[in-house]
Amino acid sequence: MELLAKSGFVGYIILILSIITLGVFLERVFSLNRFYRKVKRHGFKPEIRKIIESVGTQSIEVIENLLSIKGSMIIADCEKGVSFVRLASSIAPLLGLLGTVIGMIEAFHNVAGSGYNVNPAQLANGIWTALLTTAEGLCVAIPAYFGYFYLTNLIEKIELALKEDMEEVLIEVYGDRIQKEKR
């Protein structure tokens, strides 16, 4: 806590960012893992068949468009909050840099105010603040960056399962029509 107080208001902003990012990441991890386990067990085929049955004898293009829209909605729901984790991985080092600049300004302001009697402790105090905020920003950014890629990978697995199920159901239901229309 002493280090946080030493890093100034930028350190508190980085702390708040880290808490929010951790909360968003954990919520997404639990939700997406639960959803992915459900997808592995049951797949999307029953839902895809319902969509196909609901549209009747529409053209394959219309059905593919409806399935594409439904798939986009599922993936968009999975991606909620993930962009915030990415944003945190990008903004945290910038906040750390802001703290560095503020610390260096403070250090040189203290040196300039002392005239020719430069006390190394005055300079060191500002540099200390600068280094702390830089480290804090990186301590948030690095895990957030890894978290973002973990979540993205999980979403890609869900999206792949969705596409595979869509293709399989379309071939099961419209196999002959698809072959004829593609010729």
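Which residues line the largest cavity? They are Phe-44, Glu-47, Ile-48, Ile-51, Leu-67, Lys-70, Gly-71, Ile-74, Leu-162 and Met-166. Bear in mind that this is a predicted model, where local features need pLDDT of at least 70 and side-chain atom pairs count only at pLDDT 80 or more, while totals for chains, interfaces and linings use all residues. Residues are numbered from 1 along each chain as its sequence is written, and side-chain values use heavy atoms, with hydrogens and water left out.

**The cavity**
- On a 1 Å grid over the protein atoms alone, a cavity is a set of points where a 1.4 Å probe fits but cannot get out, and lining residues have an atom within 4 Å of a point.
- The largest cavity has a volume of about 50 Å³ (the space filled by probe spheres set on the points).
- H4 gives the most to this lining, with four residues; helices (H or I, at least four residues) are DSSP runs, numbered from the N terminus.

**The pocket**
- The largest pocket (an open set with protein on both sides within 12 Å along at least five of seven lines) has a volume of about 200 Å³.
- Helix H4 (60-79) and helix H6 (120-182) each supply at least two of its lining residues.
- Among the residues lining the largest pocket are Glu-64, Ser-68, Lys-163 and Leu-170.

**H2 against H5**
- The axes (lines fitted to C-alpha atoms over the stretch in contact, with angles from 0 to 180 degrees between N-to-C directions) of helix H2 (residues 8-42) and helix H5 (residues 82-113) come within 10 Å and cross at roughly 165 degrees.
- That makes H2 roughly antiparallel to H5 (angles over 145 degrees).

Note on methods
Angles under 35 degrees count as roughly parallel, over 145 as roughly antiparallel, 65 to 115 as roughly perpendicular and the rest as oblique.
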